[in-house]
Structures are given as C-alpha cells and as structure tokens.
Amino acid sequence: MDILTGLNRAMDYIEANICNDVDIESAAETTPYSAYHLQKIFSYLTDISLAEYIRRRKMTLAALELQSSKVKVTDLALKYGYDSMDSFSRAFSRLHGVSPSMARNGGTALKVFPKLFFQISIKGGNSMEFQIKEMEAFRVVGLKRRFYHDEQKNKSSISGFWEELRQNGKLLEILKHCNDKFLASKSEEEAVGVCTNGDSDGLDYFIATSTDLEQAPDGLEIFTFPKNTYAVFHFTGELHKTMPNAEKMIFSEWMPSSGYDPVEGADLEVYSKLPHDSPDFEFWCYVPVKKSCLQT
C-alpha cells in the first residue's frame, strides 16, 4: 500500500490547493518521493501527466461553479490561477469543448474529471523476472543530454539520441571504454542508458558504458553510481515495442504491491543484442529502491 498511500496524500494536497498555482515539488513533499518520481509513477498509473490532471481538476471545478452560481468568468479565471481570460478560456474549451460563457447554459453537456483515488487492483498481467541486488559503487562514461517533460523543448527523442550517436560514431567511441561489468562480451549493443537528475522539469539522460576510468576522455562525462539497492528486471523482445512498456510495468504493476519504494538515484538500462539474427534484444532495468516505510 506504500506507493498508493503516497499518491493519495499527494491527491489530497493538490485538491486542498487547487485554487492556487499547485507546486508539484510541494505535492511531492507529502509523499516519500521526489517530484520526478511522483510524476513518473502518476503518469504510468493513469496514462496522463500530473500537470494535465491538475488542469482537468481545475476546469471541472470551474465548470461546476459556472453552472451553479452567478460568478463572473473573469473572477473564476483568477480563482483558478489564470493570468488572462484567453488562457483560461483555452484551457476550459480544451476539456469541455465549449467556451466558459456557453457553459452557463444548464443544458450544456460538460465533462467531469473527478478527484483520483488510488487502490490496488489485482488482475492477470505480465510476468516479470526480477531480483533485488545490492551493488557497490561503480562508474559509467558517456554523453549526456537534457530531456524535458514538455516535449516541445526537446531537440530530439531519447531514441533519436541513440540513433544520432550510432550514426556519428560516438557510440563506438564510448564503448571502447567498457569494462564488461554487466555483460560478458563486447558488442555495439553493450551499452547503458542512465536517467539521472530527474526533477519536475525533466531529466538528464546518459548514453554510456560501465568503465574503470577515473577521469573522462575529452568530450565525454563520467557519472558515478553510489552503493545502492536495486530492483533488477530482465526483459527480452523487440526493443522498440518492449522497452516503452518496461518501466510502466515496473511502476504500475510490480512496485505498488512489492513492499519497495523508489528512491532518489539514477535508473539504469543495460542493453545486449541476442546472439542470433533477430531484431530482439535482452535488456535489464535497474531501479534504485528501499524497503517501504510509509504506514497506511
């Protein structure tokens, strides 16, 4: 019940502050999680972003007020944290399909997005191969790029970043420094992806390889993983079909009833091409965790 209790506390905080400019960092402080993990877990469980949920709740409550009172639309816009009528009207119309002034008509059908409450739903799902692993500190070396939750700010996708480094030869340059910590033999696919510095704005993503280097070669960066406990998940399949669902399965199916919480720290993906002619990959997801301590 650990993750679910944390999420429900965050929902209570958001509801209590819905008329303010809801701060996701403050919402996360009511849980055991960082703002980054709160947003990640929420989106995996609901298939919408936390920012979108907050917007929908604001517009639901605004619509109910419009139909049940004589409040001015301008006052309503200010109440729910909008600086201009135009931005409020756009947000309102995006959810309800009508303008705020049209919504005053009692016969107008409006959408209601209720406050979310999280609970465990046991259902037949996908089996996952995992182990809990204690790992000493280690280093990776590679190239880093910032990716934002607001996709319009990104110059490329993470998969595009991988393809870019394959095409320009940088991936092969990185792999020259591999110490074979995770896999037995070197190949172009023996590389790691590292998600770090996650916050309410986005995350830094490394394309790297494990290394014994203490100083980074020119043009590359070293990232050090501290000693930590990891939940390690093994997946096999066509990479571009399987990888997008891997983390969602971990956070929406395994984590809520596992007795573990995610902790601050970098996530790690380890990739290896299967040793035969196929598009399939083996890959491992390393998620830093701790035993749950949140009481219901």
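Is Lys-248 buried, exposed or partly exposed, and what is its relative accessibility? Lys-248 counts as partly exposed, at 26% relative accessibility; buried means under 20% relative accessible area, exposed over 50%, and partly exposed in between (1.4 Å probe, protein chains only).

A note before the views. This is a predicted model, in which local features need pLDDT of at least 70, side-chain atom pairs count only at pLDDT 80 or more, and totals for chains, interfaces and linings use all residues. Residues are numbered from 1 along each chain as its sequence is written, and side-chain values use heavy atoms, with hydrogens and water left out.

**View 1. Lys-248 and Asp-47 form a salt bridge.** Their closest N and O atoms are 2.4 Å apart (a salt bridge is a side-chain nitrogen of Lys or Arg within 4 Å of a carboxyl oxygen of Asp or Glu). Lys-248 lies in helix H10 and Asp-47 in the loop between H3 and H4, so this pair ties together parts that are 201 residues apart in sequence. Helices (H or I, at least four residues) and strands (E, at least two) are DSSP runs, numbered from the N terminus. Asp-47 is exposed, with a relative accessible area of 56%. Have a look at the backbone here too: phi of Asp-47 is positive, near 65 degrees, in a residue other than glycine. Most residues other than glycine have a negative phi.

**View 2. Helix H3 (residues 35-46) is mostly covered, with nine of its 12 residues buried.** Among the buried ones are Tyr-36, Leu-38, Ile-41 and Phe-42. At 1.5 Å a residue, H3 should span 16 Å, and its end C-alpha atoms are 16 Å apart, which agrees; the expected span is 1.5 Å times one less than the number of residues.

**View 3. Lys-79 forms a salt bridge with Glu-65.** Here the closest N and O atoms are 2.5 Å apart. Lys-79 lies in helix H5 (residues 73-79) and Glu-65 in helix H4, so the pair ties together parts that are 14 residues apart in sequence. The structure holds 13 salt bridges.

**View 4. The largest nonpolar core has 70 residues.** Such a core is a set of buried Ala, Val, Leu, Ile, Met, Phe, Trp, Tyr and Cys residues joined through side-chain atoms within 4.5 Å. Those with the most contacts inside it include Ile-14, Leu-50, Phe-88 and Ile-250. Helix H4 (residues 50-68) gives the most to this core, with seven residues. Apart from it lies another core, of 16 residues, among them Val-140, Val-194, Tyr-230 and Leu-268.

**View 5. Strand S3 (residues 191-196) is largely enclosed by the rest of the structure, because six of its six residues are buried.** Ala-191, Gly-193 and Cys-195 are on one side, with Val-192, Val-194 and Thr-196 on the other. S3 pairs with strand S4 (residues 202-211) in the antiparallel sense over five bridges (pairing needs at least two bridges found by DSSP). Val-192 stands opposite Ala-208 in S4. In the hairpin, which has five residues between the strands, Asn-197 takes a positive phi near 55 degrees.
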